[in-house]
Amino acid sequence: MTETTPKTAPWTISKPTAVLVLADGTVIEGKGVGAVGAIEAEVCFNTSLTGYQEVLTDPSYAGQIVTFTFPHIGNAGTNEEDSERLNAGSRSGAVGTIIKADITAPSNYRSTQDFDKWLKHHGIIGLSNINTRALTALIREKGAANAVIAHDPSGNFDIPALKKRAAAWAGLVDLDLAKNVTSGQSSVWTEKSWVWNEGYGQQGEEQFHVVAIDYGIKRNILRLFADLGGKVTIVPATATAEDILAHNPDGIFLSNGPGDPAATGEYAVPTIQKLIATDIPLFGICLGHQMLALATGGKTVKMHQGHHGGNHPVKDHTTGKVEIVSMNHGFAVDADSLPEGVEETHISLFDGTNCGLRIIGKPVFSVQHHPEASPGPEDSFYLFRRFINLIRTRKGQEPLPEREAA
């Protein structure tokens with residue numbers, strides 16, 4: 001009787017189906033997920049533990065590839081409710097994403113579609129199965145990198161050509177991206193915040209009217225205004241001061257958005273300067289904060305790696321308190337450039353960069369971080385009440401408590 005020895009399967013090496021090619025020639029190979037194709041963008045990292053869908057649909061990430069430092073991304077699936085794009089059908093937001101682990105089957109009662117299919121539907125190219133910790137360390141050392149991310153299920157890549165594309169891309173400096181993500185026309189917002197087991201509510205009685213300039217606005221910002229009783233009229237980034245004032249607003253909001261604030265400021269700053277002169281309460285977030293600084297005579301600078309995540313400590317000098325906030329910006333206001341009459345109100349406790357300002361003697365202020373907390377902590381919700389109180393004071397009404405009683 002002859003014993004049969006089973007054959008040992010030959011060693012197999014998986015062929016990379018996605019690559020990230022940095023402008024310095026570095027090539028990182030992995031497994032492709034999401035959309036197929038190739039695109040130039042800036043690579044950054046985000047430290048949020050949750051909220052990947054909100055992150056990737058934030059229009060402020062236009063022109064960027066988001067590397068998630070949390071290893072398990074996509075496991076909760078996706079749904080139709082958590083998009084932050086104003087136009088849910090648009091593709092504004094991140095163009096690529098990089099994750100460590102394989103995407104598993106969705107495990108969340110709110111999920112309606114798995115993450116891979118969702119990425120494909122939204123045209124987001126993904127790279128997985130790489131050492132995201134090493135890539136994050138590389139970005140921390142060398143700064144946010146210009147790159148090309150490419151996904152081809154057959155694994156056929158022209159690496160020399162991709163290196164040339166990455167090296168040739170000019171990057172985000174001097175790039176106005178707000179015009180690519182803004183609304184095409186004016187609209188009115190009525191949706192309130194999500195409530196468990198109920199979904200999103202609708203605005204009832206209107207107590208004030210805010211005109212929001214859309215440089216890439218997020219839905220949750222609009223919901224928080226609606227929660228406080230606000231009617232919100234959204235206007236495009238290119239709206240003139242005359243267009244905005246024709247809506248007879250009680251307050252004006254400068255939204256978040258992508259790209260270089262100096263580039264967007266070419267057309268936005270003159271408008272903002274006219275609005276400041278009206279003494280109508282004005283509030284800015286993120287890009288809106290940066291352009292408000294430019295409108296006062298300040299300057300903005302490109303950051304080494306930027307701030308992206310939901311765990312950033314910021315100190316509010318007006319209260320002396322420290323908040324944990326959500327951040328998403330690659331440019332910052334140069335605090336030393338702020339002129340007399342403009343006060344720095346918030347600073348990052350990570351690196352001391354400017355995170356807020358106000359114009360002394362005027363109902364005008366802004367912050368660099370994202371107090372709408374989508375995703376992120378809710379420590380800074382009070383800033384919306386601070387803005388509404390400027391409106392209420394101007395209307396002769398009693399102010400609201402900035403923070404709700406515990």
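Here is a chat about the contacts, sheet and core of a predicted model.

Colleague: Morning! What kind of model are we looking at?

Modeller: A predicted one, so keep that in mind for everything below.

Colleague: Let's start with charges. How many salt bridges are there in the whole structure?

Modeller: The search finds 17 of them.

Colleague: Pick one for me. What does K142 pair with?

Modeller: K142 meets the side chain of D24 in a salt bridge, at 3.4 Å from N to O. The two sit in distant parts of the chain, 118 residues apart: D24 is in the loop between β1 (18–22) and β2 (27–34), and K142 is in helix α3 (residues 132–142).

Colleague: Is D24 buried, exposed or partly exposed, and what about K142?

Modeller: D24 has 47% relative accessibility, so it counts as partly exposed. K142 is exposed, at 52%.

Colleague: And E40, which residue does it form a salt bridge with?

Modeller: That's R165, with the closest N and O atoms 2.9 Å apart. It is another link between distant parts of the chain, since R165 belongs to helix α4 (residues 159–168) and E40 to strand β3 (residues 37–46), 125 residues apart. R165 is partly exposed at 32% relative accessibility, and E40 is partly exposed at 25%.

Colleague: Now E191 and R223. Are those two buried or exposed?

Modeller: Both E191 and R223 are buried. Their side chains form a salt bridge of 2.9 Å, N to O. This pair joins strand β9 (residues 191–195), where E191 lies, to helix α6 (residues 219–227), where R223 lies, and 32 residues separate the two.

Colleague: Which residues are joined into a network by salt bridges that share partners?

Modeller: D58, K218 and E372 are joined into one network that way.

Colleague: Switching to rings. How many aromatic pairs come out?

Modeller: The count is nine. One of them is F115 with W118, a stacked pair with 6.0 Å between centres and 15 degrees between the planes.

Colleague: Where do F115 and W118 sit?

Modeller: In helix α2 (residues 115–121), three residues apart, so about one helical turn separates F115 from W118. F115 is buried, with a relative accessible area of 0%, and W118 is buried too, at 4%.

Colleague: What about F225 and F253: stacked or edge-to-face?

Modeller: Edge-to-face, at 5.4 Å centre to centre and 75 degrees between the planes. F225 comes from helix α6 and F253 from strand β13 (residues 251–254), so to speak a link between distant parts of the chain, 28 residues apart. F225 has a relative accessible area of 0% and is buried; F253 is likewise buried, at 0%.

Colleague: Which aromatic cluster do they belong to?

Modeller: One formed by F225, F253, F283, F365, F384 and F387.

Colleague: Which charged ends sit over rings?

Modeller: K302 has its charged end over the ring of F331, 5.4 Å from the centre. R403 sits over the ring of Y382 with its charged end 4.0 Å from the centre.

Colleague: On to the sheet. How many strands, and in what order?

Modeller: There are 10 strands in an open sheet, running β8-β12-β11-β13-β14-β19-β18-β17-β15-β16, with mixed pairing. On average the twist from one strand to the next is 25 degrees.

Colleague: Which strands stand at the edges, and why is one side of each left without a neighbour?

Modeller: β8 (187–189) and β16 (321–334) are the edge strands; each has a single partner strand, so one side of each has no neighbour in the sheet.

Colleague: And β11 with β13, parallel or antiparallel?

Modeller: Strand β11 (residues 208–214) pairs with β13 in the parallel sense, over four bridges. V211 has I252 in β13 as its bridge partner.

Colleague: Last topic, the core. Which residues touch the most other members?

Modeller: In the largest nonpolar core, which has 30 residues, those are I213, Y215, I244, I272 and L292.

Colleague: Which elements supply at least two residues each?

Modeller: β11, α7 (241–245), β13, α8 (261–277), α9 (287–295) and β18 (354–359).

Colleague: Which one gives the most?

Modeller: α9 does, with six residues in this core.

Technical notes: Residues numbered from 1 in each chain as written. Predicted model: local features only at pLDDT ≥ 70, side-chain atom pairs only at ≥ 80, totals over all residues. Heavy atoms only, no water. Salt bridge = Lys/Arg side-chain N within 4 Å of Asp/Glu carboxyl O. Buried < 20%, exposed > 50% of the residue type's maximum accessible area, 1.4 Å probe, protein only. Phe/Tyr/Trp six-rings, centres within 6.5 Å; stacked < 30°, edge-to-face > 60°. Lys NZ or Arg CZ within 6 Å of the ring centre and 35° of its normal. Pairing = 2+ DSSP bridges. Axes fitted to C-alpha atoms, helices over the stretch in contact; angles between N-to-C directions. Core = buried A, V, L, I, M, F, W, Y, C linked by side-chain atoms within 4.5 Å.
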